[in-house]
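Hi everyone, thanks for coming.

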Amino acid sequence: MGKIYFGSHETVIRMLWEILIISVILQVPPTVKGCTSSCTCHQDSIDCSSRLLTSVPHDLSPELYIGPQEGSLLPDTTTTVTTLNLANNQLQELPTSLISERLPHLRTLDLSNNKIQDIYKIQSVVLSKELLYLKLGSNPIKNLGFNSDNVLYSQSVFHLDISDCNINSITNPVTFMYMLNLTHLDLSGNPLVVIDHLFSTTLSHLDLSRCLLGLNDKGIREETFTSLPKLEFLNLTMNAHLTTFSFSKPLSSSLLHLESSYCALEKLDLRSFPNLQHAILKGNVIKILYNNMLSNNEHLQNLDISENSIHRIEQNAFMGGKSLRNLDLSLNLLSELNWSSFHHTPQLGYLNISRNLFVFLDEIPIPSLLSLDASKCDIIKLSPRFLAKTQDIRFLNLSHNSIEKLPRRLTSRTLLSLDLSFCRIFDIPDETFQELPSLVNLDLTGNRLTTLKNSLLDHLVNIRELNLLNNPWHCDCTDLEFQKLWKYLSSYPAKSKHLKLLMCHSPKEHAGISWEKSCFASLTSDGKTPKTKAWMSFLVPFLTLCCLLAVLVVIRQAYISHALEVQHRENVNQRQRNSPSGAFPPRVPVHFFDEDLERGIQLSVNESTQRSPIRELSKLPSYEEALLLPKLQDREDLQKIAKKYEDSDRFERSANEDSQPPILGSNQVEEATNHPSTSSQ
């Protein structure tokens with residue numbers, strides 16, 4: 001890969017400055033042009049709220065020009081204003097030209113908390129064909145629907161908020177008749193005493209909470225909702241004078257969700273809403289659940305009647321509730337349950353009976369039950385078979401009761417979570433959890449347990465979370481059962497998330513000290529905590545990987561060294577081949593010392609003088625010469641000896657003898673004649 005050159009330092013600095021300036025420009029919010037001086041603008045909205053305005057600003061622009069900060073060369077973008085906020089001012093009316101000329105594409109208009117009294121003073125705005133949301137809450141509107149001037153007309157508005165105004169009655173059926181697209185109407189917080197008739201073919205959500213319906217025996221009448229064919233959601237919460245829904249004929253056949261909490265309902269009667277699916281009636285004064293109260297509610301799925309004063313449930317109270325799935329009876333005065341009344345609820349899956357006055361929990365004959373909450377009662381004893389007929393139960397909450405001892409055996413093949421926290425349990429039989437093979441979470445916090453037997457732990461084969469905090473544990477560090485309990489909790493994966501918070505209560509020397517500090521040495525015989533074991537399980541593969549990498553590095557280095565050595569040899573051979581013809585490397589072995597050199601020279605003199613000394617030196621030394629060859633310490637010794645040998649008398653005598661022409665035969669003479677260059681060499 002080639003290198004990238006940025007040039008001089010000035011160029012690099014200039015590039016960095018350009019990048020910084022661009023990033024700052026991108027972070028600076030865009031400027032909005034065309035916005036009136038008395039308001040703030042953002043994207044497609046104009047906010048003129050809380051400005052003490054008595055009239056709408058005259059310079060409102062239908063379009064805003066949004067661009068970068070001043071000085072930028074980027075073009076502006078144009079957006080159409082769709083939202084106008086005029087809340088918390090002192091407006092009494094709106095100009096007729098606000099929509100037609102200034103803001104023709106307005107979709108959301110907030111006029112809440114102003115001083116508007118008459119609807120006709122804002123009618124020109126409501127007539128807009130693109131307006132969808134209109135908020136008129138907290139205005140002193142009194143005469144809504146009183147005459148034709150106080151009736152709203154709109155083809156587009158589908159969400160109308162008239163909450164917390166001063167409206168005390170709606171008696172004119174055409175009050176909202178001409179709002180042809182209205183689906184959500186909020187009339188909450190008004191002093192409404194009576195609603196005679198409402199007419200709308202599109203209304204689906206109606207909020208009448210925090211009103212005075214039912215005052216002086218007035219309020220909801222039979223004809224109130226009959227002209228609302230698409231009504232699905234009705235909120236009547238906190239109408240303190242509303243006492244009943246009992247009527248001779250249905251109030252609404254389209255209603256699906258009814259919320260009437262914290263009213264004064266004395267009787268549960270939902271027959272006026274035959275297609276109802278969800279009913280929330282908590283916080284009323286219902287005392288008895290009478291027979292056939294749901295006889296006309298075959299589609300009811302969720303019923304919340306908590307926080308009432310229910311003390312009795314009749315045998316056929318839930319007859320007709322064949323679709324009932326969730327039932328909340330918490331925070332009542334029930335001391336016993338007539339379980340036979342639940343025979344008419346074949347789909348009941350979630351039952352909440354917490355915060356009642358139960359003492360004994362008998363067998364529960366609800367096969368479809370998935371979750372039972374019986375917490376914060378006064379339960380002292382459980383029936384040995386109270387789960388026998390709950391074939392699909394998953395969650396059971398019995399916390400904050402007065403249970404001292406559990407049954408000998410609990411039976412459920414499907415139970416996943418069992419909460420027994422903050423009871424008075426001091427002993428658990430060995431076979432209690434034997435028939436709970438699917439149990440995953442068990443909470444025994446805040447009981448009176450001092451130890452758990454090993455046989456009990458053997459049955460908790462699938463447990464993932466076992467909470468044992470706030471129990472008076474006896475920490476006998478030499479007790480094998482106590483050691484096994486610790487190992488069971490701390491073995492990977494840990495069964496408890498609060499191991500370090502488990503405290504000893506006895507004996508005195510361990511009181512107030514955690515299990516880990518009191519008995520760590522005896523409870524972990526191998527000296528390894530779960531955290532250490534987890535580290536070891538990570539460290540061993542890591543070290544193995546490091547060793548493999550080290551071996552690969554060594555092999556690679558050896559290969560590189562070998563390649564460099566071969567390359568070096570090739571370079572040496574190449575230099576030798578390219579050297580001049582008269583240049584010869586030293587011909588004498590390099591391991592000669594001075595005195596050994598003389599001896600070697602003497603031996604070479606005694607040999608035949610007819611041989612060429614150069615040819616003689618090119619041969620390997622004899623055995624006697626090899627014995628005399630010394631070992632040199634470095635290269636300098638070799639060069640000194642070679643130089644001394646070349647300057648010796650023997651070398652000169654041999655050179656003179658070699659310079660004489662040898663006696664050649666006839667064949668040799670002819671060969672020399674044919675190859676003079678070779679002979680000369």
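**A quick tour of the side-chain contacts**

Okay, let me start with a handedness. The link between cysteine 35 and cysteine 41 is right-handed, with 80° about the S-S bond. Before I go on, please keep in mind that this is a predicted model.

So, what holds those two cysteines together? Cysteine 35 and cysteine 41 form a disulfide, with the sulfur atoms 1.9 Å apart. Cysteine 35 is partly exposed, at 25% relative accessibility, while cysteine 41 comes out as buried at 16%.

How many disulfides does the structure hold? There are four. Another one joins cysteine 39 to cysteine 48, and there the sulfurs are 1.8 Å apart. The torsion about that S-S bond is about 105°, so this disulfide is right-handed. Cysteine 39 and cysteine 48 are both buried.

Cysteine 475 lies in the loop between strand S29 and helix H5, and cysteine 504 lies in strand S30, so the pair ties together parts that are 29 residues apart in sequence. Is cysteine 475 buried or exposed? Cysteine 475 is buried, with a relative accessible area of 2%, and cysteine 504 is buried too, at 5%.

If you number the bonded cysteines in sequence order, the pairing reads 1-3, 2-4, 5-7, 6-8.

What about cysteine 546? The closest cysteine sulfur to that of cysteine 546 belongs to cysteine 547, and at 7.0 Å it is too far for a bond. Cysteine 546 is partly exposed, with a relative accessible area of 32%.

On to the rings. A search of the whole structure turns up eight aromatic pairs. One of them is tyrosine 133 with phenylalanine 158: the ring centres are 4.9 Å apart and the planes are at 65°, so we call the pair edge-to-face. Tyrosine 133 sits in strand S8, and phenylalanine 158 sits in the loop between S8 and strand S9, so this pair ties together parts that are 25 residues apart in sequence. Tyrosine 133 is partly exposed, at 33%.

Then have a look at tryptophan 473 and tryptophan 515. Their ring centres are 5.4 Å apart and their planes are at 85°, so this pair is edge-to-face as well. It links distant parts of the chain, with tryptophan 473 in strand S29 and tryptophan 515 in helix H6, 42 residues apart. Tryptophan 473 counts as buried at 1% relative accessibility, and tryptophan 515 is buried at 0%. Which residues join these two in a cluster? Ring pairs link Trp473, Phe482, Trp486 and Trp515.

Lysine 267 lies over the face of tyrosine 290, at 5.8 Å from the ring centre. Likewise, the charged end of lysine 495 sits over the ring of tyrosine 488, 5.3 Å from its centre.

That brings me to salt bridges. Side chains of opposite charge can pair when their charged atoms come close. How many salt bridges does a search of the whole structure find? It finds twelve.

Among them, glutamate 431 pairs with arginine 408, with the closest N and O atoms 3.1 Å apart. Glutamate 431 is in the loop between strand S26 and strand S27, and arginine 408 is in the loop between strand S25 and S26, so the bridge ties together parts that are 23 residues apart in sequence. Arginine 408 is exposed, at 57%, whereas glutamate 431 is partly exposed, at 24%.

Glutamate 435 forms a salt bridge with arginine 413, where the closest N and O atoms are 3.2 Å apart. Glutamate 435 is buried at 16%, but arginine 413 is exposed at 56%. A network of salt bridges links Arg408, Arg409, Arg413, Glu431 and Glu435.

Last stop, helix H7. Arginine 569 and glutamate 565 meet in a salt bridge, 2.7 Å from N to O. They are four residues apart in helix H7, so about one helical turn separates them. Phenylalanine 538 is in helix H7 as well, which covers residues 530-578. Together with Leu539, Phe542 and Leu543, Phe538 forms a nonpolar patch on the surface, with about 380 Å² of accessible area. Phenylalanine 538 is partly exposed, at 48%.

Notes: Residues are numbered from 1 along each chain as its sequence is written. This is a predicted model: local features need pLDDT of at least 70, side-chain atom pairs count only at pLDDT 80 or more; totals for chains, interfaces and linings use all residues. Side-chain values use heavy atoms; hydrogens and water are left out. Patches are made of residues with over 30% relative accessible area and no salt bridge: like charges are joined within 9 Å, nonpolar side chains (Val, Leu, Ile, Met, Phe, Trp, Tyr) within 5 Å. Accessible areas come from the Shrake-Rupley method with a 1.4 Å probe; for residues, only the protein chains shown count as cover. A salt bridge is a side-chain nitrogen of Lys or Arg within 4 Å of a carboxyl oxygen of Asp or Glu. Helices (H or I, at least four residues) and strands (E, at least two) are DSSP runs, numbered from the N terminus. Buried means under 20% relative accessible area, exposed over 50%, partly exposed in between (1.4 Å probe, protein chains only). A disulfide is a pair of cysteine sulfur atoms within 2.5 Å. Rings of Phe, Tyr and Trp (its six-membered ring) pair if their centres lie within 6.5 Å; planes under 30 degrees apart count as stacked, over 60 as edge-to-face and the rest as tilted. A charge sits over a ring if NZ of Lys or CZ of Arg is within 6 Å of the ring centre and within 35 degrees of the ring normal.
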